[in-house]
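User: Got a model on screen and want a quick walk through it. Can we start with the strands?

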Amino acid sequence: MQCPRDGSTLVSTKYEGEIVVDQCPSCGGVWLDAGELQALQQLAERDHKTYLRRIDIIARAYEFARQETRPEITCPKCGGRLEAGEYVYCSQIMIDRCVDCAGVWLDKGELAALEQFFEEAALQEQEEKGLNLRHSFFASLFHRE
């Protein structure tokens, strides 16, 4: 497969667990086949907690706006159109999804940003569960039947 950004030959590389990604040796972008991004979301081999404390929201917003102006690219796997869009609302991470084969192209740094986003979301979920558990405990102390 060829890099959709610069035409270099993508190199298959083991990333995490048993997931193999195709990476561009020139620009550092990564191709993920359908389902691989979801599989990476479930893994927790890399710890991003220290980086989460240093996220520069302004720099991330600037990069997101800059990426919205990039030209369209084609899928390295099937030749279909890659559609640029935010990963999920408020993630500020722009990814390119193939409309035909559902693969994903991530420019350099976007995979790490997604992993940080996944970890941050998991931490928020744990905090919310903890708050709900504490609320339930204290509510049970004062609940009378």
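User: In which sense do S5 and S6 pair, and over how many bridges?

Analyst: This is a predicted model. In it, S5 (residues 81–86) and S6 pair in the antiparallel sense, over 5 bridges. Within S6, Arg-97 is the residue that Glu-83 stands opposite.

User: How many residues of S6 are buried?

Analyst: 4 of 5. S6 spans residues 94–98 and is mostly covered.

User: And how many bridges join S6 to S7?

Analyst: 2 bridges, with the strands running antiparallel. S7 covers residues 104–106. Asp-96 has Trp-105 in S7 as its bridge partner.

User: What do S6 and S7 form, and what sits in the turn?

Analyst: They form a hairpin, with 5 residues between the two strands. Ala-102 sits in the turn and has a positive phi of about 70°.

User: Zoom out. What is the strand order in the sheet?

Analyst: S1-S2-S3-S7-S6-S5-S4. That is an open sheet of 7 strands, with antiparallel pairing.

User: Which strands stand at the edges?

Analyst: S1 (11–16) and S4 (73–74). Each has a single partner strand, so one side of each is left without a neighbour in the sheet.

User: What about S2 and S3, how many bridges there?

Analyst: 2 bridges join S2 (residues 19–23) to S3, and the two run antiparallel. Trp-31 in S3 is the bridge partner of Asp-22.

User: Switching to aromatics. How many aromatic pairs are there?

Analyst: The structure holds 3. Take Tyr-87 and Phe-117: their ring centres are 6.2 Å apart and the planes lie at 80°, so this pair is edge-to-face.

User: Which parts does that pair tie together?

Analyst: Tyr-87 is in the loop between S5 and S6, while Phe-117 belongs to H4 (residues 110–142), so the pair ties together parts that are 30 residues apart in sequence.

User: Are those two buried or exposed?

Analyst: Tyr-87 and Phe-117 are both buried. Ring pairs also bring in Phe-118, linking it with Tyr-87 and Phe-117 into a cluster.

User: Now the core. Which residues touch the most other members of the largest one?

Analyst: The largest nonpolar core has 17 residues. Those touching the most other members are Leu-32, Leu-37, Tyr-87, Ile-95, Leu-106, Leu-111 and Leu-114.

User: Which elements supply at least two residues each?

Analyst: S2, S3, H1 (36–42), S7 and H4. H4 gives the most, with 5 residues.

User: What does Leu-114 touch?

Analyst: Leaving aside residues up to four places away in sequence, Leu-114 touches Leu-37, Tyr-87, Ile-93, Ile-95 and Leu-106.

User: What about a second core, what is in that one?

Analyst: The second core is separate and has 9 residues. Among them are Trp-31, Ile-73, Cys-98 and Trp-105.

User: Confidence next. What is the average pLDDT?

Analyst: The average is 79, and 69% of the residues score at least 70.

User: Which elements have the lowest and highest means?

Analyst: H2 (residues 49–52) is lowest, with a mean pLDDT of 51. S3 (residues 30–32) is highest, at 96. Where pLDDT is low, the predicted coordinates should not be read in detail.

User: Last one. Where does UniProt place the zinc-finger domain feature?

Analyst: An unreviewed UniProt entry places "domain: Transcription factor zinc-finger" at residues 2–40 and 74–114. Over residues 2–40, the model is 13% helix and 36% strand. The end C-alpha atoms of that stretch are 23 Å apart.

Notes:
Residues numbered from 1 in each chain as written. Predicted model: local features only at pLDDT ≥ 70, side-chain atom pairs only at ≥ 80, totals over all residues. Heavy atoms only, no water. UniProt positions renumbered as here; feature names shortened; annotations may be inferred. Buried < 20%, exposed > 50% of the residue type's maximum accessible area, 1.4 Å probe, protein only. Pairing = 2+ DSSP bridges. Phe/Tyr/Trp six-rings, centres within 6.5 Å; stacked < 30°, edge-to-face > 60°. pLDDT = per-residue confidence, 0-100. Core = buried A, V, L, I, M, F, W, Y, C linked by side-chain atoms within 4.5 Å. Contact = heavy atoms within 4.5 Å.
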